[in-house]
Amino acid sequence: MSETSDSDFEHGRYDFTSVNKADYDYVGSDNEEDFSKYLLDRMRQLESRNTLLKEQCDQIESEKRFVESQKLKYEREVRRLQAEVDRLKTVPLVVATIMDVISEEKVLVRSSTGPQFMVNVSQYLNEESLVPGAKVALNQQTLAIVEVIPTSEDPAVSAMEVIESQDVDYEDIGGLDSQIQELIESVELPLTKPEAFQRIGITPPKGVLLYGEPGTGKTLLAKAVAHRTEATYIRVVGSELIQKYIGDGSKLVRELFDMARKKSPSIIFIDELDAIASRRLNDTNGADREVQRTLMQLLAEMDGFDNRGDVRIIAATNRLDVLDPAILRPGRFDRIVNVPMPDEEARANIFRIHTRFMSVAKDIDFRKLAKLTEKASGADLNAISMEAGMLAVRLDKKTISMDDFLESVQKVMSKKETEKEVLPEGMFI
Ligand SMILES: Nc1ncnc2c1ncn2[C@@H]1O[C@H](COP(=O)(O)OP(=O)(O)OP(=O)(O)O)[C@@H](O)[C@H]1O
């Protein structure tokens, strides 16, 4: 019988597929029993070798996978370093300012070191960004424009919405007659007939505070007064001053009043006043201090300006109860106007206003629609009218029918109900 050593197995010299020739010597011999025993032993041996080899094979497989993943990782690293080397080897770009755009391909620039050049423009640049005054980067050798340097955004410009003339009028507002009257007296007349106040010897209120639930028409009122007085309408949003322009809030309030004076007659509209004028807490963290600084600046600006001048302030809030009493002192927001949710008559009027330019069927019953929308705000009624219009468009109709309105009332009102259910108490949608 041939001898098979362990090293034969390990080095793959053993032929697993056949029994060695010498093994046949046992067949037919007296020792047949020994031979079967021997074969059984051998089988067990081979099975255990087989298991061992399978384990080794699995291990080698997993090592292979590990090495491959390492290889990929290092290849990526090499590429990254190569790119970094290339980047560091590139020549610096020259900064210049566009003086004049001669044609699509030729531009006159003044480099930051002084001289002017007529240069080519990379075809991959957006033509619209090539305007006189724009900062550009030039290739050092060819001096071609390869990049337009983005200008940093001026926070004072982006924080304010400045509209020179408004297109909203009192006729566009449903209900709110007494609120309109209040605004006429405290904002419109001081701007249009200041002499009437002087004659009688009274000073008009400096600021008017509108409060009420969302979507009830506070912004609309401010825009309509701006339209009537032909004043510039400048709007800032309290929460944006705090969250978007961190650290700049008080500076922006100063700039807001400067701009209002420059563009006068003007109306400053501060939306979400509560975000900067909430009752102060004792434990002040960084964010609270920022809010306080912004509020102090607002109070200082309001105290500092002349209420006979042609800058008026209107502010709006959904939460009168959280305001710092300091903001409501005489000489600040001393006229407080409630803007309520529309009653039935106002709702019917708002429907009429919003459907005025729509193609609606003759039999639309606005009274009935008003009855069905008891808890709706002006903004909801606008949404219902738009949705009814969309339904008609979807169905390719010529006019909006009462059924379209009823369907959209159902849709908008039930959406409003579900949204209300998920909101914590005291919060509006
Ligand atoms: N009384 C109303 N008459 C006509 N449309 C209204 C009225 N109230 C609200 N709307 C409609 O709802 C939209 C939103 O209203 P607006 O922005 O004036 O509400 P708001 O009270 O300022 O809300 P918020 O408190 O959320 O700022 C308006 O553009 C208008 O289409």
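This briefing describes the ligand site, a set of paired strands and several individual residues of the structure above. The model is predicted: local features need pLDDT of at least 70, side-chain atom pairs count only at pLDDT 80 or more, and totals for chains, interfaces and linings use all residues. Residues are numbered from 1 along each chain as its sequence is written, and side-chain values use heavy atoms, with hydrogens and water left out. Domain 3 (157–338) and domain 4 (344–422), whose bounds come from an automatic or database domain assignment, both give residues to the shell around the ligand, so the ligand lies between them.

**Ligand site**

- The ligand is surrounded by 18 residues, of which the closest are Gly 174, Gly 215, Lys 218, Thr 219 and His 354; a residue is near a molecule or strand if one of its heavy atoms lies within 4 Å of it.
- A nitrogen atom of the ligand has a backbone N or O atom of Gly 174 at 2.9 Å. A polar contact is a pair of N or O atoms within 3.5 Å; within protein, one must be able to donate a hydrogen and the other to accept it, and residues adjacent in sequence count only if both atoms are side-chain atoms.
- Ala 379 places a backbone N or O atom 3.3 Å from an oxygen atom of the ligand, and a polar side-chain atom of Asn 382 lies 3.2 Å from an oxygen atom of the ligand.
- On its own the ligand has 640 Å² of accessible area, and the protein covers 79% of that area. Accessible areas come from the Shrake-Rupley method with a 1.4 Å probe; for residues, only the protein chains shown count as cover.
- Helix H6 (218–229), helix H10 (344–355) and helix H12 (378–394) are the elements that give two or more residues to the shell. Helices (H or I, at least four residues) and strands (E, at least two) are DSSP runs, numbered from the N terminus.
- The shell comprises six nonpolar, nine polar and three charged residues. Ala, Val, Leu, Ile, Met, Phe, Trp, Tyr, Cys and Pro count as nonpolar, Asp, Glu, Lys and Arg as charged, and the others, Gly among them, as polar.

**Strand pairing**

- Strand E1 (residues 94–101) pairs with strand E4 (residues 135–138) in the antiparallel sense over four bridges, and Val 95 stands opposite Ala 137 in E4. Two strands pair if DSSP finds at least two bridges between them.
- E1 also pairs in the antiparallel sense with strand E2 (residues 106–111), over five bridges; Ala 96 has Ser 111 in E2 as its bridge partner.
- A hairpin through four residues joins E1 to E2.

**Lys 206**

- Lys 206 is in the loop between helix H5 (194–200) and strand E7 (207–211).
- Its relative accessible area is 8%, so Lys 206 is buried (buried means under 20% relative accessible area, exposed over 50%, partly exposed in between, with a 1.4 Å probe and protein chains only).
- The side chain of Lys 206 reaches the backbone oxygen of Met 302 at 2.5 Å and that of Asp 303 at 3.5 Å.
- Lys 206 and Gly 331 are 125 residues apart in sequence, with their C-alpha atoms 6.1 Å apart in space.

**Backbone geometry in loops**

- The peptide bond from Ser 264 to Pro 265 is cis, with omega near 0°; Pro 265 is in the loop between helix H8 (249–262) and strand E9 (266–271).
- Glu 272, a residue other than glycine, has a positive phi near 50°. Glu 272 is in the loop between E9 and helix H9 (286–304) and is partly exposed, at 32% relative accessible area.
- Asp 396 has a positive phi near 55° and lies in the loop between H12 and helix H13 (402–422). With 71% relative accessibility, Asp 396 counts as exposed.
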